[in-house]
Amino acid sequence: MKPLKDCPNCGASITPSLTQPHIECEFCHSQFANPQYDPARSRPPTADAQKGFPPPRAEIIEPEPFVKPAKDIGGSLIKSFVAAVSWYILAPILFVGFFLVFGCCFLWFAAKSHDRVRRPDEHAIRRQKSEKTRESVEQIAKQMRAEMERQGEIFNDDQGAKYLADKPNDGWDHPLRYEQVTNRRFLVRSSGEDGVYATYDDRIYTQSVASSCITKTPPAIGSFDEAKKVLQDSIGFYRKSVAIDWIVANQPKMSAKETDRVISLAIESATFASQEGEKQVERLVVALISENEPNRMVEKTLACGRGGYVNAAKSLIDLMGKRDQKKAVEGFYNSPVEKISNAADYHLQKWKYSDEQMIQLCLTDLNNSLTRNQAIDRLMNFEVAEQRKSAIGKAVLKSLRDVKPVSRFGRSSVNRLETKEVKRFLAKFVDRELVPDLCRTLSESSYFTEELAQALADLRDPKGMQKLADMAMEPGAKSSRCRKVLVNMGVDAEPYIWKILENGSDYDKQKACEMLGSVGTKRSIEYLTPLLNSDNARLRSAATQAIRNIESAKRAPSGAGKR
């Protein structure tokens, strides 16, 4: 089909249609007759055409003249100016900002990497300083020994300090210290990195001079004030031991406060020579504490025990035993130190204490956290009548409710020996009469949960088992331990686990399903079946798995407990 001539109004080319009697321009919408119209190809004639009416005449619409918009010269200039400003001003700013951010990031990463590289160097420097300190202390100690042997006598504290004043400091630039330990032995001490003496990082080098260089001129002491000054000011133990010997030999009149101070200084100074120091402290306490002051003797014995001077404490207990100071010796019967407790036990046996008296001492010491372990251990060794076991069991359970943890390295814990002794005690002394006390202790005590729960399980008492089931539903760590004990009981725990399925939360029911999967019989299936329709998906899965385990295990039901 060839296009018609151009539209007479707008000049656009038009393609005619063979089925349309009129043609409409697509651009100006003007209409005119179609010269190529073929009626045979057109649609059927309308009703108006059949009646002889002429077709409607097309209305010719004159198109509006096209007007080209005028150019906005001012707006173009503004746009050009903004583009120039953006390119010539903002672009350099963005460029400089990018490099500044990149440079800062680079410097930060460089500093971090420098720190990582520098740390090994710091450790190396510390090792070098420590090695330098060790070498300097050892070298100076050997030089001092040679000088003492040349002079023929060991240095006292003042001479040693004067000799070290001219020597270089240690690797940490801290001054060294000289201490005369015995009449022929000395040491050179470095305070280490922290600069504090008598700490873990001290560097010590000990030397002994020849026997010909033993001290020939011990410090002269003429009064108690001079002896006290030597005890306070001297560094090494040798000069202090001379002062202690003078006090023991002369026994000057002192007040109770001065006596306690002298004994405390002697105990502190004995750390430099433990064996000789123990003997010195023992002689000093015996000389200064009269026979009529057993309480003060007990205090000094405890001080020796705390200081680690076990032999001195044992000697003082033996002295109190010779003086028949029974009350004083009784306080050490359950001492945590075996040698001290054995010494007290020896004297109590010598005084023919009965078993009942010994048991009463143990019951008294149950209230002390330091003596509780030994007291429980001793109670295990007595043959106790059946009527007496109940009273002892109640006393021990009461003490367990008051147990406080011991802080070790920032954590609270209970002595392992205490846990072991509690387990042995519960197995021997607890019976069904003590089930209420056991249940109360299990509820109130924060420790020994598993031991107490196991004791209830061994008794197989219905009230105790119900308490176990109730504790298994409580929040916290106790519930998991109680569930563990119930599982260890086996089939006998099955009726009490059903209580959890009836009264527990979804979480408790899920744990009960796991327990029944381990110990349940076919009787448990009727309790598990309703859980298969639970809205909790995990509970449904646990119940399904428990039923499978029960059907595969084929356990024999227990005779205890019925629904």
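Me: Hey, how many helices and strands are there in this chain?
Reply: There are 23 helices and seven strands in the chain. Keep in mind that this is a predicted model.

Me: Ok. What share of the residues is buried?
Reply: Of the 563 residues in the chain, 39% are buried.

Me: What about contacts between residues 24 or more positions apart? What part do they make up?
Reply: If you take the contacts in the chain with a separation of 6 or more, residues 24 or more positions apart account for 56% of them.

Me: Let's zoom in. At what angle do H8 and H9 pack?
Reply: H8 covers residues 294-307 and H9 covers residues 310-322. They pack at an angle of about 160°, with their axes 8 Å apart.

Me: So are they roughly parallel or roughly antiparallel?
Reply: H8 is roughly antiparallel to H9, because an angle over 145 degrees counts that way.

Me: Is that crossing left-handed or right-handed?
Reply: The crossing of H8 and H9 is left-handed.

Me: Which residues meet there?
Reply: From H8 you have Met 297, Val 298, Lys 300, Thr 301, Cys 304 and Gly 305. On the H9 side they meet Ala 312, Ala 313, Leu 316, Ile 317, Leu 319 and Met 320.

Me: How do those divide into nonpolar, polar and charged?
Reply: The contact of H8 with H9 has nine nonpolar residues, two polar ones and one charged one.

Me: Now H9 and H11. How do their axes cross?
Reply: H11 is residues 338-350, and its axis comes within 9 Å of the H9 axis, crossing at roughly 15°. That angle makes H9 roughly parallel to H11. This crossing is right-handed.

Me: Which residues make that contact?
Reply: H9 brings Val 310, Asn 311, Ala 313, Lys 314, Ile 317, Asp 318 and Gly 321. H11 brings Lys 339, Ile 340, Ala 343, Ala 344, His 347 and Lys 350.

Me: And by class?
Reply: The contact of H9 with H11 has six nonpolar, three polar and four charged residues.

Me: Changing topic: where is Glu 451 found?
Reply: Glu 451 sits in helix H17, which runs over residues 449-459.

Me: Is Glu 451 buried or exposed?
Reply: Glu 451 is buried, because its relative accessible area is 18% and the cut-off is under 20%.

Me: What does Glu 451 touch?
Reply: Leaving out residues up to four places away in sequence, Glu 451 touches Thr 419, Val 422, Lys 423 and Leu 426.

Key
Residues numbered from 1 in each chain as written. Predicted model: local features only at pLDDT ≥ 70, side-chain atom pairs only at ≥ 80, totals over all residues. Heavy atoms only, no water. Axes fitted to C-alpha atoms, helices over the stretch in contact; angles between N-to-C directions. Helix = DSSP H or I, 4+ residues; strand = E, 2+ residues; numbered from the N terminus. Parallel < 35°, antiparallel > 145°, perpendicular 65-115°, else oblique. Left-handed = near helix turned anticlockwise from the far one by under 90°. Contact = heavy atoms within 4.5 Å. Nonpolar A, V, L, I, M, F, W, Y, C, P; charged D, E, K, R; others polar. Buried < 20%, exposed > 50% of the residue type's maximum accessible area, 1.4 Å probe, protein only.
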